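I am opening a page for a structure that is new to me. These entries list what I looked up and how each term was meant.

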Amino acid sequence: MIRWTGLLDIIDHGRVRELRLARPPVNALNPALIAALAEALRAAPTEGAAAMVLSGAPGRFSGGLDLPELLQLGPSELRAMWTGLFGLIRAIATSPVPVVVALTGHSPAGGTILALFADYRIMAAGAYKVGLNEVQVGLPVPEVLLRGLAHLVGSRQAERLAVGGILLGPEEALRLGLVDEVAPLDEVVPRALGWAADLLTRPPLAMATTRRLARRPLAEAFDALDAAAVDGVVTAWSGPEAQATLHAIAARLGKKAHG
Amino acid sequence: MIRWTGLLDIIDHGRVRELRLARPPVNALNPALIAALAEALRAAPTEGAAAMVLSGAPGRFSGGLDLPELLQLGPSELRAMWTGLFGLIRAIATSPVPVVVALTGHSPAGGTILALFADYRIMAAGAYKVGLNEVQVGLPVPEVLLRGLAHLVGSRQAERLAVGGILLGPEEALRLGLVDEVAPLDEVVPRALGWAADLLTRPPLAMATTRRLARRPLAEAFDALDAAAVDGVVTAWSGPEAQATLHAIAARLGKKAHG
Amino acid sequence: MIRWTGLLDIIDHGRVRELRLARPPVNALNPALIAALAEALRAAPTEGAAAMVLSGAPGRFSGGLDLPELLQLGPSELRAMWTGLFGLIRAIATSPVPVVVALTGHSPAGGTILALFADYRIMAAGAYKVGLNEVQVGLPVPEVLLRGLAHLVGSRQAERLAVGGILLGPEEALRLGLVDEVAPLDEVVPRALGWAADLLTRPPLAMATTRRLARRPLAEAFDALDAAAVDGVVTAWSGPEAQATLHAIAARLGKKAHG
């Protein structure tokens, strides 16, 4: 069964539901896509999905936040966007069923954020990048994301990668543990579906209980994420350093789009 | 000096005492073996042992819990068994002298549990397996074991291995850090004795003090292990999912034994 | 600009200030060098340095504590020395600007301690050693150093390395994460300067904010370091085990110096 929601394709493969980002050209995250994805993630288990795969377009998983659109937002809309984004990641971290992320191409910043708290990450081989390059564009990395990153790569590599805003190719991401597997582009989604289906062969109660225990620190990372933390992100975004960098990038993107 | 206790061989190699599991055919853990091993571990330092090596039979370190016997136990015996098993692991985690585990062969589940909290693990090369495959047989992995596993392989690999109930061969176990060294089968015990003897050449007070500090988080993992945690394990064991799986395995083992 | 302070050379390379240990023959840490280095570290940011590189002599970063001199100290001087040394490491851990350590040669014990809490470590290739070998000379490793070591290599390797007092060559140190990079001796300082300069190309506020968040656990490790912890170190140092070992080493060093 395939449903088209305009921003997401929802495809059921037996008990595994694929949520495929479908906002061309690069699946940039704007408030509408964030809301649609959060809603789809929350709905899936209630509609019978026993696991989910989050995927993107071939070559483009997600280019991250939609800077041109976000730079038009007023303060309260901006705050709502960040609250929504953190809520989306929390929904992944606390999902009652496993979530596999199929990084089908370029996945910097916001693209990586969607993958940090999932159960498993498969990345396409090739000239694609993954990582938290927020610092490079003038945005501090919020603490909750540092914790998710440290869960995957350890506290030292999380420090190095986040402070430097470093992007990694698939092989280096695999070596450090930021992704779990690298596959040819056209095998990324099938392998993600296969990994999820294999996990579902386990005795379900034992698997779910162990999963909840092992992932509890990830869920708890969001307990400290209060209004003040969101304020911090909004303040950083609105400051002169970030605004200068973000507008420069948005202008470059605009030229490309019209060039 | 060698003593035969019926379930364990106790062999002193100078200041290093070897405790060799001796319950054929596979050193399955039943209440009697758990009690004998805990007693021997606690007695060794008071009888002059400066370090211990825990070993098994060639090819069979321990097959884990003795399912056919445990499935005969009533609720209070079952609770006593789990309390005893956790007490045994805690004795390893808090041992005043170093404990090296010589994984002399197959060591799934209960076999691995004995190794998680030791000072050093050497595994036999070959077609042997190590890992917490509890989920595969319908048992959730208790939190204290997740902590021990995460100490060795990091929080992300602990999540992946425990939730999937994954067993590893020696090379993969070495690569992930679940074991510290791989050796040919007939060298596993000699190398374990050698590692312990080498550690004993250090200035003893400085070594013991540093050891206690570095291992304190392992000891503290057991402070949260209260009656409720044991209840959780007993409840899971007694539920329909685990009972169905465990009886199926026990039946298979019974056929093999009489086949 | 180069300033000679007698114990340190201070060399400004644009916005990156190099602090080069200059206490022949092996840059042994005595109260005077500890005080000079702590003062220079604290002063640099107020004098315009945007990053620092800590380096040593070619082949000799630092031989660690100056045992012959320290063995002459009375109890209150000894306590002041340790308080000063912990204060120095804390200054590195909490430095408002990045600190890169250029391990230009042998760097055991005290040499390694200076590197644990820095932002990045580059070690010279060759027959040089790095590691916390305190236990080998009869000194327990204080908890704050265990935490710094675990940040770099994980809790299990920190346990193994510290309890055994193990020194590592550059390749093994790189493999375990104790250092971040290995370079030919004459490239160690240029690469450290280059790494620092590259980090300074990031938007400064986002970099500094992320750096502070990611390194907060390192800073917090020092909050638990109270007078009782310093007492513990001084007591261990003054005990018969450490005194016997330390005097034996000092006598050997004395013979070499006069041999």
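Entry 1, terms and source. I count two residues as in contact if their C-beta atoms, placed from the backbone, lie within 7 Å. I am working with a predicted model, in which local features need pLDDT of at least 70 and side-chain atom pairs count only at pLDDT 80 or more, while totals for chains, interfaces and linings use all residues. I number residues from 1 along each chain as its sequence is written, and chains are lettered from A and ligands numbered from 1 in the order in which they are written.

Entry 2, chain C against chain B. I looked up how many residues of chain C are in contact with chain B. I found 23 residues of chain C in contact with 17 residues of chain B. For the elements I use DSSP runs numbered from the N terminus: helices are H or I with at least four residues, strands are E with at least two. On the side of chain C that touches chain B, H5 and helix H11 (240-258) of chain C each supply at least two residues. H5(C) gives the most to this side, with 10 residues. I then sorted by class: Ala, Val, Leu, Ile, Met, Phe, Trp, Tyr, Cys and Pro count as nonpolar, Asp, Glu, Lys and Arg as charged, and the others, Gly among them, as polar. The side of chain C that touches chain B has 10 nonpolar, eight polar and five charged residues.

Copies are superposed by least squares on the C-alpha atoms of residues with pLDDT of at least 70 in both. I get chain C onto chain A by a rotation of 120° with 0.0 Å of shift along its axis, at RMSD 0.0 Å. The two copies are thus related as by a three-fold rotation axis. Which residue of chain C comes closest to the rotation axis? I find Gly154(C), whose C-alpha is at 4.3 Å. The copies use different surfaces, since 6% of the contact residues of chain C recur in chain A.

I looked for cis peptide bonds and found one joining Pro24(B) and Pro25(B), with omega about 5°. Pro25(B) lies in the loop between strand E3 (16-21) and helix H1 (31-46) of chain B. In chain C, a cis peptide bond joins Pro24(C) and Pro25(C), with omega about 5°.

Ala109(A) is not a glycine, yet I read a positive phi of about 50° for it. Ala109(A) sits in the loop between strand E7 (105-108) and helix H4 (110-116) of chain A. Is Ala109(A) buried or exposed? A residue is buried if 20 or more other C-beta atoms lie within 10 Å of its own, exposed if 12 or fewer, and partly exposed in between, with C-beta atoms placed from the backbone. Ala109(A) has 24 other C-beta atoms within 10 Å, so I put it down as buried.
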